[in-house]
Structures are given as C-alpha cells and as structure tokens.
Amino acid sequence: MIPAPFEYHRPASLAEATGLLAELGEDAHVLAGGHSLIPMMKLRLAAPEHLIDLQDIAELKGIARTDGEGGGEIVIGAMTTQHELIASDELARAVPLIREAALQIADPQVRYLGTIGGNVANGDPGNDMPGLMQCLDAAFELDGPNGRRRVAAREFYRSAYVTAREDGEILSRIRIPLPAPGHGFAYEKLKRKIGDYATAAAAVLLTVSGGRCGSASVALTNLADTPVFAADAGAALAGSDLGAAAVDAAVAAALAAIDPAADNRGPVAFKQHVAGVMLRRAIARATERATERAAEQTV
Amino acid sequence: MNDQTPTATERAEKLQGLGCARKRVEDARFTQGKGNYVDDIKMPGMLFGDFVRSPYAHARVISVDKEAALALPGVVAVLTAADLEPLNLHWMPTLAGDKQMVLAVGKVLFQGQEVAFVVAEDRYIAADAVELVEVEYEELPVVVDPFKALDPDAPVLREDIADQKEGAHGPRRHPNHIFTWEQGDEAATNAVLAGADVVAEAMIQYHRCHPCPLETCGCVASMDKINGKLTVWGTFQAPHAVRTIASLISGIAEHNIRIVSPDIGGGFGNKVGVYPGYICSIVASIVTGVPVKWVEDRIENLTATAFARDYWMQGKIAATRDGKITALWCHTTADHGGFDACADPTKFPAGFMNICTGSYDIPVAWLSVDGVYTNKAPGGVAYRCSFRVTEASYFIERMIDILAIKLDMDPVELRLKNFIRADQFPYHSALGWEYDSGDYHTAMEKVLKAVDYDGLRREQAERLAAFKRGETRKLMGIGVSHFTEIVGAGPVKNCDILGLGMFDSCAIRIHPTGSVTARLGTISQGQGHATTFAQILASEIGIPADSITVEEGDTDTAPYGLGTYGSRSTPVAGAAAAMAGRKIRAKAQMIAAWMLEVHDDDLEWDVDRFAVKGAPERFKTMTEIAFAAYNQAVPGLEPGLEAVSYYDPPNMTYPFGAYVSVLDIDVDTGEVEIRRFYALDDCGTRINPMIIEGQVHGGLTEAVAIVLGQEIAYDEDGNVTTGTLMDFFLPTAVEAPHYETDHTTTPSPHHPIGAKGVGESPNVGGVSCLSNAVNDAFRAFGHVHAQMPHDHWRIWKIAEGLGLHG
Ligand SMILES: Cc1cc2nc3c(=O)[nH]c(=O)nc-3n(C[C@H](O)[C@H](O)[C@H](O)COP(=O)(O)OP(=O)(O)OC[C@H]3O[C@@H](n4cnc5c(N)ncnc54)[C@H](O)[C@@H]3O)c2cc1C
C-alpha cells in the first residue's frame, strides 16, 4: 500500500504544466484529485516517476455559462471537484443531470477531492462522468505542445484506460451544450454500497412535447471497456410516443451496444438484465420529468 | 455523628454500578483521536518490517534472491526460512495443534503467504525492498474446493505431514484430511431418521468471511540486550497466552517477556492467533538489537490473517407430521486452508459446533465434522461469535425454516412447538451441553407481539398478491430466528488453549484514599471493559465506578488470563472481578468491625459501607475502611487492601435471543432493503444497558454485512478476489438499517452476578434472521434455500431460477 518512489511537481500555470509534461515525457502523470491515480500507485499498478500536480492552476477551475446565438454552453474547468459540481446552483439549473449523477459517485470524502477532469480523463469504464458526458454530447479541450484541440466525448474513449488524449496533453476544459429548456433527465445507477462503482448505470436526456419525444440521448456506464453511447437507443426514442414499444426498442438497442464482463458484481447475464432495468427506469423518470416540466412551462 | 442521608438508593445511584447506563470512559480519548494504538508507538532507532508474499496459491519456492533488496540503501536485513531454521523458528505451533510456516519452507500453500521478511529504516524503503526480492516459484495444482481436497488423487498440500496418520485430533484418512470430530449417537439418530414421518434435508453453506477489524494486525518488538528483556506491543486479544507461547517457542524465560496490548481497534477474533509478523519482528529485533515494527495493510489483513466460517453443513432433521422434532443429523466439511490455525479450545477442533441443536428440545442428534486442508489462508476464528456458534446457529435456524416448508407450517409455530421449556433448565442437550437457564417462549412471544407478527404475515400476503397482479416488483420477506449461544469458555476441566486453562482473573488494589486500580486478564478491543468492569466492582465494593481504574493488557502488571474473545470476558473475568470484590469486602468487614469495636458478624453490608446490625447510624464507609487499612494496626490482619481472584467457571453461560427482520427485495436488481429489525436479547444480568445496545447494534451490522455480501472469495486458481474494501463488503452508516432492541432477563444461576455475555449474540442471531428473511421472500414460489451471501446477483439468480423475470 506504499507507492513506488516518484518526483513531485506543482506548476502554477497550464503552460508550465504542459511544458513539464513535454519535458518529462511518458514517465510523468498529471495528478488531479488523486482518487483514482493514488490507489493505483499504492497497489503499484501505476508507478509514474513524476507527478505533476494540477491543483495550483487557477485557470483549470470554475464553472461558467454562456448563452450564445446557436444555443449556449456550460464550460467546466478540469480541476473542478465533484463536490463543486454538486454545490453549483447555476449548473443544477442548466444541466441538472450532472448534480443527480455526481451525488451517486463515491462518497462525500472522495467528492471533495475527485475532479471532473480526472474522472473523464482517467478512462476507467467504472467512472460515471464519461457516460454522462457522452449523453450530454460534451466536448473535451486538450492542451498540449501543439496548442489546443477539441475532442467530442463520444469520440474520446478507445478501450479501458486508453483515450484520444496524447501523452503530452492535459485535459483542461469540458464544454457542454445547454440542453433544451424543460428537458427530462435521469441517471440510474445500481451499486452494492455507498462508495461503489456502478454494477450498471444509465444516463438519459430527452425532450417531450405534445406527448412525443423530440430528441433523446442514452449512455451507459461500466457495461463495456468504455462508456457506451447508445445512439440507436436514442434514435428508438426520438419521435416516438415513449410508449412500451419504443422503450423496448431502445432497451434492445442499448443491450446490443454493451459488452459487460463478469466480476464480483455478478455474471454477464445479470449485468445484461440490470442494464435493461436501469435504462427503463431512467427513461421512465426522464419522461416523467420532461412531461412535468413541459406542463409547468405551458402554465 | 454520622447522619442517615443520603438514602441507600441515592448512595447506590452515585456508585454507577450494575444496571447503570454509564457513559463509556474510553470514549473521551477515542472521540478526540487520542487513542494509543500499536502504530502510534514510536521508539528511537525503530526499524520497519514488511513481507514478500506469494502471488500463488500453491507453488514450490525454488529460490529467494535477496541481493538486490539488500543493496538498497536503508535495508538492514532480509529474512527467509533459512535464516529462521537455526533458531527453529521457521515453523510455529498453531492454536489448533498444527504447525504453520513462519516463512515459506520449500513451498507456499496460499496466496499472500509470507515468503521473506524485509527489515529497513523506514516503511517506504521496506516496501521498495519487497519489490526487489526475487522469488522463483514453480506453480503446483491448486485445491480450493474442500470436497475435491479429499479426492483420492488430489494434490498433496501438506507434504510435511503427508505420511502422518495421526493428527492432533485423532486419525487422518487422507493427506489433506485434518481431523474427524464426532458427537452424539449416530445409530440412534439414523434409526429415528429412517422411521420418521418427515425428514427435511439441505446443504447449508456458511461462506468464508473475515472479521476485518478497522485496525489491522501489527506489533512492535523490542529486545533490550542490556537486561535481556523482550517487550512486544501488539494487537493481541490474548496477551498472556502470547507471552507463554513466545517463551515456549523462543526459549526466552517467561519473566523476561513483557507483552502489551495497547488500544486495539477492533478484534472480532482476528487478533487471537499468532502470526508470522510477530515472530519475524521479534527475531529481527533480537538480531538487530533495536525495536522493529510491523503493521500489515488492509490487503494483507484480508488475505493472510485469520478468516472465519467456511463450513459446509449437510443436514437432516426429522419430525412428526404435526411438527415435533425427533432427530437432527449434521455432517460438516470444514475448510481450514493451508494450516489448521483455528482458535478453538484444544478438545474442540470444531469449536462448540455441537450447540447445533440450538434452542430446541431434540431428543437425539449426531454431528460429525471433517477438517480439510485447501490452498487458502489459515484461520477459522470466532468472528464475533463464540467458537463456531454462529455456524451452528445458522445451520439449525435454516434447518427449522426448511422443515417448516416441508411441513407447510409457519416457522414461528414450529419453533414454539419445539423450544426447550423454561421448566426444563438446566437442560441437557443431545450433543452434550448443560444449558444453564433460559425462557425462550417468553422471549419469542414478546417479540411477536412487539412486531405484530400476524399483521406482518397479512401484509406479506397482500404484497404477494400485488406482485402477482404485476403492481410491484418487490417481494416482502420476514425472517425469524431464535438463537442459543454458548459462551464464557470455559471450565478448565474441558477448556484449554495449548494446555492453558481458560480461567480468567482480576486483581484489585484499594488505595488509601479509597480509589481503586483493578487489573484483569482480559483485553478490551472496543467492548468498554474499563466502563463495565468498574461497574461490577462498584456494586461489589461500594466505591463509585468513577473512582475505579480498570487496566488490562500489560502482562507485567495484569494477572494471568486467557484474554477476550468468544464473549468470555464478562462470564469469566467479570466473575473474577465480582469474586475479588467479595474478598475485598470480607477483609473490609473485619477492619470495620475492629474500628466500630463490634464482632464481624454484628455488621451488615449496606451499599457502600458496613453498618452495625440494628444501629444503621453506626457505620464505616469503604473510604474510611480503605484509609484504616493503611494507617491502623488491626490485630491479626495484614495492612493494605488487595485481592486477587482466579475464576474457573463451573459451566458455560447460554445467552439467547429472539429476532425478527422484515425486508423488501427488488426481484429485478436483487437489492434488499431492511425495513425492520427487532432484536430481543437475554444476556442475563445487564451490567450497562447502553453498552449492551451498542454491542447489539455493532453485531447486527456485522450480520447485515455477512448476509448481504461480505465474503472472502477465491477464483479457481486460488486468487483472492475480494482483497480490498472495494469488493469486501463493509457496510457504512448508509447501509446499516435502523434497529429496535429489547430484552428479557434470565440470570445465569452459576455466575456470581448472573451475567452471561452479549457482545457476539447479535451476530449469531442476526445472520440466520436475515438469511431466513431473504429465503422467506421467495417461499411462496416454491423456493427452499439459497446459500449466502445474498448479494444482488445471487438474489437475482433466485428470482431468475423461479421464473420471476418473465
Ligand atoms: C472509494 C472510491 C470510490 C469511488 N467511486 C466512484 C464512483 O462511484 N464513480 C466514479 O465515477 N468515480 C469513483 N471514484 C473515482 C473518483 O471519482 C476519482 O476521483 C476520479 O475518478 C478521478 O478524479 P481525480 O481528480 O481524483 O483524478 P486523479 O486520480 O488525480 O487522476 C486520474 C487519472 O486521470 C489523469 N488526469 C487527471 N486529471 C487530468 C487532466 N486534467 N488531464 C489529463 N489527465 C488527467 C491522471 O493522470 C490519472 O491517470 C471513486 C474513488 C474512490 C477512492
């Protein structure tokens, strides 16, 4: 439970951090909240020779909302903690799905330190934020030796712990397009106890008007070696009346997209089953909320 | 002139003696983070030890190359079995009459087994050096299934004793067989089974668990080469026994060994045994001449120190058609891992498993237990239960429910019909015990009334109908259990550990100003002994509990005792405290008589004083008597006021309880919500109701953990798959349900204050109660029994098997 030796660096700016990363090469890891990386180091499954701690970089913090012409967006600094996500009323108004999901991550102690950037950059299929970001169609900004680029969350994940991020890059910001006003949302997660990763989880975002679903997006957590954005499941809901047939079709599409592995949480058949259960519940709750919120707006 | 106020009642209240919900005196330091645990001990020049452990469950150790590790600056030594062999310390005796490798001798038998011990200047260097020790292994076929271990062609695990036909507990019939233990009347039991109206049969598995105390095991060993004295501070539930064992195996004279248990962060049986870390630290300190600390981490604790349970209990229970039980039969296969390191009294290789007739009047019974070696960690400790009592209780309480299904009867009705009646005590069980006292019907009926059992069954029927109509996906389960524990080991005539009789002790010293230091042979690990033993004494000697300091755990000062586990502290050491208190009182009476110039017999005890019979205004308080003991020359009496008692209990005590739980099961996810948990405990005389309640809450929470998911699981290669708290289920406040507690009081007739012990009852009763509830939820669909743990996917599997997923 004691990590291998490492050098510790604490840059004060993003430029300094990317410079260090370039200089130290692949033996360096950035350290955010440390709640994924440090356990791995204690088990000596990770043994970086250099740790570049991002906590002093002010420009990586904060939550900002812009309401632009073609629809606004929320921009979240990578070093914003999960606790700060939960505490932000601004965020809760604009993208309530994030608070709902963040409250289901780990426990308060972990959330005081764990960051959104670390959670999405980590590439662990057990992390909840990646699926969420895919559901929300977020984009990640990566800063590296060649400047800044943007990668869609839906394009980011390759396999367990392998992402589109290059070794020299730091994930600096997360940009989330503002969901339509009055949208319905839900994050349903089955876990064994507080502080546990998902056995299966489903994120759903949808709009309802006149009894029909406008747009819908569905993503699932810990049911493959990456988060699963189930485009076909969303498509099965969009334009439907959200009735039993549409929901069955969405669930079938989502189950076709996942590839869970057996572990202590249970065998594959169980995971398939509860993936469907979580998704059904998420669709039902998102629909209910969208319908309620649509009714509120017409009053 | 002495006046008569305050009244006797007021004076008694001031003592905070028996029955008082006195606040725990320990908590002032614990709640402020001021406890002193073994890892808090820091000594000048202290070195740190760390283990190289086997990644394999079964392998030959071809070579151990220390060179790279020794070359790392700050590394002082790397010990292997070859270094221990000249001292004859490469093997150590276990508490069960077997022996265990201290460091791998030619082979390893479980994943996590200790192979080499690195000693370095700090724990970081030690951890780095562990990585540098190169061990070459040759993998051997692995045995994780205790039944397959006895196959004729199974790999031989313990080559060191392969040809030994006789073990510590009788004949061995296979190289992987440890013992067979038989109790009861086999022929008579089989005869009843053959002719019975109804026989219910089942295989009841109690899975491998782990006590998982929050503080892991560890020690600091310090050999003082000047005075030749070895001091070891450590997480020891039985410090005196550790001293004797350390002396026997090291050859150091016992008076030159001091064992100290500082504050202990939970034991639950995990800290009873002797671990290689202790031996290696002692050797390392002797070799280096400086103190050596070893503290294991969580993974080491879960994978290499003593597990609990792992019993496969095949059962048959016979009854008449109207539900009178006529016989019980049980064959247990006990998975002991690579070494038999069970912590049981010597004559009981399967502990008190023969309490498995439980709370029922069963005329004839038969029990046999086969102990088996597998490629798993050794242990088999009493995890918050007396020796194997939770296994026994789980077995009988499941068998009763299974029989109830077969008889188409309500499980409560079946229990009430077969309980031992209050007028049958002392009761002689078919498997050889003499139950001291009990009133099971009263306890059960009190609980049924409190929870409105009939109402619960009606609600369950309504819920079931709603489920069948498709209105809900939740099923309601009601669990009932009635346990009888057997604690307070134990009478020296049949209870010993490595030849040490299981008495316990208390030494009391009354100081001149009337305050008291009392020392006992036990050691608290969270039970609150400093609070409760002071209360026993307060009532016995009339001095306020606040003026009594209780000390335990230092073998240089405490009287010899066998320590704390198996709910033995109150039944044995608590009794010693009362008896020592009575000796104090006897001498105090003589002093008071001399002071009051009357005959001893003219005095009577009155709460906190001796008063002249018929003249209550003439008295001497204990404070006055204490002072007199030090400043008066009382003819015929030695000065001072001290007493020691070594208490050998005449019998065990038999606490019992009736529990009911109500839970809702989501058949789609396997989630369980415990809606209600009602626990009535009868632990005899109640010393401190608040502490009892705390103990019950703790024990029930551990029961919740065990039933709903806590497991040490192995894959087929013998890898532990639940080695961290991510996968080993330790419930938090969020998972712990609300508990309702209740009690009846049936004192033990043979204990000086009638107390029976309570710390472990809730775990014993809680496990069967909750497992019964889970199984009960599915009874309406023809379900009979599913093995624990009842975690999400396994419950889902029950529902799947019953076709409840459409
Ligand atoms: C007990 C426990 C329970 C948990 N349960 C959950 C759970 O239920 N759901 C869940 O989602 N998570 C869970 N976590 C993980 C937790 O949310 C982590 O905090 C999170 O996954 C990582 O965030 P971090 O800030 O701690 O990242 P770190 O651990 O510091 O870093 C994680 C990885 O990402 C890299 N990294 C971090 N930041 C950046 C960046 N800005 N740019 C590039 N690379 C970066 C690091 O180099 C490292 O490889 C749990 C953790 C614990 C200890």
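**Exercise 1.** How much area is buried between domain 1 of chain A and domain 2 of chain A, and what percentage of it do carbon and sulfur atoms give?

*Before you start.* This is a predicted model, in which local features need pLDDT of at least 70, side-chain atom pairs count only at pLDDT 80 or more, and totals for chains, interfaces and linings use all residues. Residues are numbered from 1 along each chain as its sequence is written, chains are lettered from A and ligands numbered from 1 in the order in which they are written, and side-chain values use heavy atoms, with hydrogens and water left out.

*Solution.* 
- Step 1: Find the domains. Chain A is assigned domain 1 (7-53), domain 2 (60-177) and domain 3 (184-298); such bounds come from an automatic or database domain assignment.
- Step 2: Read the area. About 1,100 Å² is buried between domain 1 of chain A and domain 2 of chain A, and carbon and sulfur atoms give 77% of it. Buried area is the accessible area (1.4 Å probe) that two parts lose on being put together, summed over both.
- Step 3: See who supplies it. A:Leu14, A:Leu21 and A:His35 provide 43% of what domain 1 of chain A buries against domain 2 of chain A, more than any other three residues.
- Step 4: Look at the element. Helix 1 (residues 14-24) of chain A gives the most to this side of domain 1, with 4 residues; helices are DSSP runs (H or I, at least four residues), numbered from the N terminus.

**Exercise 2.** Work out where the ligand lies and which polar atoms are beside it.

*Solution.* 
- Step 1: The ligand lies between chains A and B.
- Step 2: List its surroundings. There are 31 residues around the ligand, and the closest are A:Val30, A:Gly33, A:Gly34, A:Leu37 and A:Thr115; a residue counts if one of its heavy atoms lies within 4 Å.
- Step 3: Check the ligand's oxygen atoms. A polar backbone atom of A:Ala32 is 2.8 Å from an oxygen atom of the ligand, and a polar side-chain atom of A:Gln82 is 3.0 Å from an oxygen atom of the ligand.
- Step 4: An N or O atom in the side chain of A:Tyr197 lies 3.0 Å from a nitrogen atom of the ligand.

**Exercise 3.** Describe how chain A and chain B meet.

*Solution.* 
- Step 1: Count residues. Chain A brings 26 residues to the contact and chain B brings 26, where contact means heavy atoms within 4.5 Å.
- Step 2: A:Ile2, A:Lys193 and A:Asn264 supply 27% of the area that chain A buries against chain B, more than any other three residues.
- Step 3: Look for charge pairs. There are 4 salt bridges between chain A and chain B; each needs a side-chain nitrogen of Lys or Arg within 4 Å of a carboxyl oxygen of Asp or Glu. B:Asp666 and A:Arg281 form a salt bridge through their side chains (2.7 Å, N to O).
- Step 4: Find the main element. Helix 12 (residues 268-298) of chain A provides the largest share of the side of chain A that touches chain B, 7 residues.

**Exercise 4.** Which domains are assigned in chain B, and how far apart are the centres of domain 2 and domain 3?

*Solution.* 
- Step 1: Chain B has domain 1 (8-35 + 504-647), domain 2 (38-140 + 216-264 + 271-304) and domain 3 (307-489 + 652-801).
- Step 2: Over C-alpha atoms, 37 Å separate the centres of domain 2 of chain B and domain 3 of chain B.

Definitions and conventions:
Helix = DSSP H or I, 4+ residues; strand = E, 2+ residues; numbered from the N terminus. Polar contact = N/O pair within 3.5 Å; in protein donor to acceptor, adjacent residues only side chain to side chain.
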